[in-house]
Each structure stands twice: as C-alpha cells, then as structure tokens.
Amino acid sequence: MSHSLSAPPLMNTFQSEINLKSSDSCTKSRIEECLWALDYPELQKACFLARICPVKPPLHCRFCNVLSILQTGPTCGITALSMLLDGSPTIAQLLEDAQRKQFTNNGEMFSARNLFQLICDNLPFCNTVTNVNNIKAKYNCSDRNCKIECEMHEGRLNCAKVKESICQGACIFVPYDTDFNHSPCLKFGHKSHWALIVGYLINDNDEFYVLARHGKSKNLAVWSLQALSDSNSNLMEFAQPNRYLDCDFLLPPGGIGGDLGLRERAIIVKGLPHQILTIR
C-alpha cells in the first residue's frame, strides 16, 4: 500500500535570521579567518566552513537577502519556493497547491517542469510564453519599472548565461545530489535535492562560487559552480529515500534523468524585489 504524507502543520517554520550586518562588536563572529566578511557573520561562517577565501578577500561577492526556512518532510523544492517568496505562500499552502495539480504526492518535486509551473502559478501577474526550444514565463508587476521573469534553463549549469544571471541578481532553483554535509556530490541522482542559489563569489583565482540556501539547513552555503554543475548533470535515476520507504513518490515519464526530470535543468527567476547585499 502506498502512503502519502499530509501537509506540514501550519506552524512557524521560519528560522531566526542571523543578522547580516552587525554594528555591535559583541555579536560579530569570533572566527579568525575570512575577516573580510566580519560584518556579515553568516557569510563569514559559510566561507570558513568551505575553506574559501580564508585570507584574501574575493574579487566580487554579492547575494540576495533571502530568509532561511527549514523543510518539513520531502518538500525541498517547495520550501525553496517559499523562501523565494518570503514565506508567503507557506510550505503547507504550496504543498496543497502542488498536490491539487497532481505535481506531487508527498512534497517531492522530481520534475523541474512541474516546479517551474508551480513557480509561475505563484508569481504575480503571470504571462507564460512557450517556444519550441524552452519554456519562458514573463511577469509584469503593477510597477512598470518592475520586470519579473522566470525561465527554464536546459543544459550545463556552469555556463556564461547562468553566471550572468546570477551576477545580475537572479535566484536559481537547482536540483543536485546532496552529500552528508549538504554540498554537491555525484550519486547518480540517489540523493537528489533542491537548492536556491541566491548569490555568488569570485575568488582571487577567478573561480566562480555560488551562495545557496536549502531546506535541510538554516546556514548559508558556498559551493563551486563547477561542482554544482557536475552534480546537476549526474541526476540519472531515482532511489527511494531511506527515511521514506513507505511513501509513494511521483516520478515524471522518463524518470529524473529524462526530459521532464531533473538532469541538466534549473529555473532562473529574475526581478524579484529582494535586498541585494554587495560585499565587494
């Protein structure tokens, strides 16, 4: 018998946001590396743990101020969408919407196309334009100066288009295989997970890193774009998660490695009015 997880309770799923910039020296991080990020404790901690720019400051670094929300159940993609929208709709509301559209049974989103549509449905004033090669959704806010755009990216993640989008302030939904510390790894899709890319860092060797949030940790993450791209490209097959052996997960035709799945797919969202913090 298959089982479905019920919608998570409507409770406060927000985590206390670490102050991104503190004027009180008593609250600043005591980490003795990555001192260039001393005024941004969360970023400093992320770079310290990832051993990135421990002494020399990055050439460039900026990210969107997006709150962290922890997921309830296998709802990583839905949780990332709630983060993007500042918690409104909530995870529970988005899960109900996705179940009603038959995109998911328990919160899992193994089809990038379905998550793309869920994003479109929950962004304001949506006008969807479909062409032969990809799907693009454009948005017109009530403010004529606001241009919100959402696009399905197909192909390798480590490319000029993705880098340019991130540098311009876009947020990107990326499926990847998550390791024990939630960083990208290569497990053929057996540990697939959704992350929300919220910024970037370029070190003194001109290597490109992304700043990310995801539903399994309240901490900001820093990953190599190349490593994330490799992980995204290796999503070939589904494996039943050990924590959910009794759950029936909804897979797209062709599986996660097919055209409707996760492999070499990402969703780029531009133009949302998040505060952008420029460090360098």
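Predicted model: local features only at pLDDT ≥ 70, side-chain atom pairs only at ≥ 80, totals over all residues.

Colleague: How many aromatic pairs does a search of the whole structure find?
Modeller: The search finds six aromatic pairs.

Colleague: Why is the pair of Phe110 and Phe238 called edge-to-face?
Modeller: The ring centres of Phe110 and Phe238 lie 5.1 Å apart and the planes stand at 75°. Pairing requires centres within 6.5 Å, and planes over 60 degrees apart count as edge-to-face; the pair therefore takes that name.

Colleague: What makes this a tie between separate parts of the chain?
Modeller: Phe110 belongs to the loop between helix H3 (91-100) and helix H4 (112-122), whereas Phe238 belongs to the loop between helix H6 (225-233) and strand S10 (265-270). The pair thus ties together parts that are 128 residues apart in sequence.

Colleague: Why is the pair of Tyr176 and Trp223 called tilted?
Modeller: The centres of these two rings are 5.0 Å apart and the planes are at 50°. Planes under 30 degrees apart would count as stacked and those over 60 as edge-to-face, so the pair of Tyr176 and Trp223 is tilted. Tyr176 lies in strand S5 (residues 171-178) and Trp223 in strand S9 (residues 217-224), so the pair ties together parts that are 47 residues apart in sequence.

Colleague: How do you know whether Tyr176 is buried or exposed, and Trp223 likewise?
Modeller: The relative accessible area of Tyr176 is 0%, hence the label buried. For Trp223 the value is 6%, and that residue is buried as well.

Colleague: How many salt bridges does a search of the whole structure find, and what makes Arg51 and Glu33 one of the pairs?
Modeller: Ten salt bridges are found. The criterion is a side-chain nitrogen of Lys or Arg within 4 Å of a carboxyl oxygen of Asp or Glu; Arg51 and Glu33 have an N to O distance of 3.0 Å. Arg51 sits in the loop between helix H1 (41-50) and strand S1 (60-64), and Glu33 in the segment before H1, 18 residues apart. Arg51, at 49% relative accessibility, counts as partly exposed, and Glu33, at 24%, is also partly exposed.

Colleague: Why is Glu151 called buried, while Lys161 is called partly exposed?
Modeller: Glu151 has a relative accessible area of 9% and is therefore buried, whereas Lys161 reaches 34% and counts as partly exposed. Glu151 and Lys161 form a salt bridge in which the closest N and O atoms are 3.1 Å apart. Glu151 lies in strand S4 (residues 147-154) and Lys161 in helix H5 (residues 160-167), so the pair ties together parts that are ten residues apart in sequence.

Colleague: Which residues gather in a patch of positive charge on the surface?
Modeller: They are Lys187, Lys191, Lys216 and Arg243. Patch members need over 30% relative accessible area; Lys191, at 42%, counts as partly exposed. Lys191 is found in the loop between strand S6 (184-185) and strand S7 (192-202).

Terms used. Residues numbered from 1 in each chain as written. Heavy atoms only, no water. Patch = residues over 30% accessible without salt bridge, like charges linked within 9 Å, V, L, I, M, F, W, Y side chains within 5 Å. Areas by Shrake-Rupley, 256 points an atom, 1.4 Å probe, with all protein chains shown as cover. Lys, Arg positive; Asp, Glu negative; His and termini not counted. Charge placed at Lys NZ, Arg CZ, Asp CG, Glu CD. Helix = DSSP H or I, 4+ residues; strand = E, 2+ residues; numbered from the N terminus. Buried < 20%, exposed > 50% of the residue type's maximum accessible area, 1.4 Å probe, protein only.
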